[in-house]
Amino acid sequence: MKFGRLRVALIGAGQIAEVTHLPVLSEMSDRVELVGIADPAVERAVMLSSRFGIDNTFGDYNEMLSSLNPDAVFVCTPNKFHSAATVSALRSGSHVFCEKPPAINAREVQEMMVASKEAGKILSFNFHYRFRSEAIAIKKFVDSGDLGEIYFCEATALRRRGIPGWGSFTNKEIQGGGPLVDIGVHMLDLALHMMRFPQPKSVTASAYCKIAKRSGVGLMGGWDPEKYSIEDSAFGFVRFHNGASLILKTSFALNMKDRSIMNLQIFGDRAGATVFPPEVFAESHGELTNTAIPFAESKDCYKRSVESFIDSCLGKESTIPTPEEALAVQSILDAFYLSAENASTVEL
């Protein structure tokens, strides 16, 4: 499709659709026409359709796909259903923008990627931290060679007591995991993005559930310890075939000082950097220098992520996360859990 308006439908009427995607898409009426939304909880679909002016609601997304033939579909379901919904939408002739993590496992991502190629349709994912102004600014330093060879990164996605007290976030069967796949995945993707996606060689990781199995103070609502079936923290070390390495730390519950920390530290042989806040650490004219980027802060990364996908579907030049990159991310997530479960190093 070359320019014009894109007919967009949503699969899933949960919080991410309500709070993030629909408000952004509603602001893009020059490029987007919202034509339908599907969810087994039809009352949720009806509520959102009324609020955002969507004409068609469905309880079955396959019925929506065959009835409306949308140009693009946003998959906003719980993680367990990402793959099936994505593959169905691709095979029906729609481009797909899927929420993170890509799926439950790498095999499902592979199936999604194959379906995309067979249908000749765009498949991308909401790794919206790439679209933060801070990340965009630091990526310019990386791409210009200012940091030199990046040989180590430390990715951090920690919450002191940030267990989501709603939805299915603590249900392993539905979500596939805990903080690693919910917030850790963002810093993992951002690290790989900055490192230009080197091929992973091995993963050594540990996962714990030391706090969430008992009741306590929650900063994001209460949770049910009896139904908590995921990790509350995970830590791991990734080696890459090019010799680089990465440490990833993530938690929903950890006895630390700060309320939360989301950050990526990048270490090159010419300079280093931190992304949040954006700052570059180098040497110049015989002095050690710290270069701050004080005006890069932004809160519109969701919008940039969605707009980039829409523009790609409309035939405009835009850079978006690819299925191949999503597969690399998911493969490392899988290896994290396997290594933690078996207390061993997993070779990739």
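**Stop 1: helix α4**

Select residues 82-91. This is helix α4, and it lies across β1 (6-11), β4, β5 and β6. Its direction is about 160° to β5. Keep in mind that you are looking at a predicted model.

Now colour α4 by accessibility. Seven of its 10 residues are buried, so the helix is mostly covered. Pick them out: His82, Ser83, Ala85, Thr86, Val87, Ala89 and Leu90. What sits over them? The cover includes strands β1, β4, β5 and β6, together with helices α3 (61-68) and α5 (106-119).

Step past the end of α4 to Gly93. This glycine follows the helix and has a positive phi, near 105°.

**Stop 2**

Show the strands next. Which order do they take in the sheet? Read across β3-β2-β1-β4-β5-β6. The sheet is open, has six strands and pairs in parallel. Strands of a sheet pair through backbone hydrogen bonds.

Go to the edges. One is β3 (56-58) and the other is β6 (123-125). Each has a single partner strand, so one side of each is left without a neighbour in the sheet. Look along the sheet to see the twist, which averages 20° from one strand to the next.

Zoom in on one pair. Select β4 (residues 72-75) and β5 (residues 95-98). The two run parallel and are joined by four bridges.

**Stop 3**

Select Lys100 and Pro101. The peptide bond between Lys100 and Pro101 is cis, with omega about -10°. Pro101 belongs to the loop between β5 and α5. Follow that loop into the helix.

**Stop 4: α5 against α10**

Display α5 with α10 (residues 323-342). Their axes are 9 Å apart and the packing angle is about 170°. That angle makes α5 roughly antiparallel to α10.

From α5, show Ala106, Val109, Gln110, Met113 and Lys117. From α10, show Pro323, Glu324, Ala326, Leu327, Gln330, Ser331 and Asp334. Sorted by class, the contact of α5 with α10 has six nonpolar, three polar and three charged residues.

**Stop 5: α10 against α8**

The crossing is right-handed.

Select the contact residues. In α8 they are Leu180, Val181, Val185, Leu188, Asp189 and Leu192. In α10 they are Val329, Ile332, Leu333, Phe336 and Tyr337. What classes do they fall into? There are 10 nonpolar residues, no polar ones and one charged.

An α-helix has 3.6 residues a turn, so residues three or four places apart point the same way.

**Stop 6: Arg196, past α8**

Move on to Arg196. You will find Arg196 in the loop between α8 and β8 (200-208). Check its backbone: phi is positive, about 65°, although Arg196 is not a glycine.

**Stop 7: Leu147**

Jump to Leu147, in the loop between α6 (133-144) and β7 (150-159). Buried or exposed? Its relative accessibility is 1%, so Leu147 counts as buried, the cut-off being under 20%.

Show what touches Leu147, leaving aside neighbours within four places in sequence. The contacts are Phe141, Val142, Ile266, Gly268, Asp269, Arg270, Ala271, Gly272, Ala273 and Val280.

For scale, draw a C-alpha to C-alpha distance from Leu147 to Pro200. The two are 21 Å apart in space and 53 residues apart in sequence.

**Stop 8**

Select Phe276 and Pro277. Here is another cis peptide bond, with omega about 5°. Pro277 is in the loop between β12 (272-274) and β13 (279-284).

Terms used. Residues numbered from 1 in each chain as written. Predicted model: local features only at pLDDT ≥ 70, side-chain atom pairs only at ≥ 80, totals over all residues. Heavy atoms only, no water. Pairing = 2+ DSSP bridges. Axes fitted to C-alpha atoms, helices over the stretch in contact; angles between N-to-C directions. Contact = heavy atoms within 4.5 Å. Buried < 20%, exposed > 50% of the residue type's maximum accessible area, 1.4 Å probe, protein only. Left-handed = near helix turned anticlockwise from the far one by under 90°. Nonpolar A, V, L, I, M, F, W, Y, C, P; charged D, E, K, R; others polar. Parallel < 35°, antiparallel > 145°, perpendicular 65-115°, else oblique.
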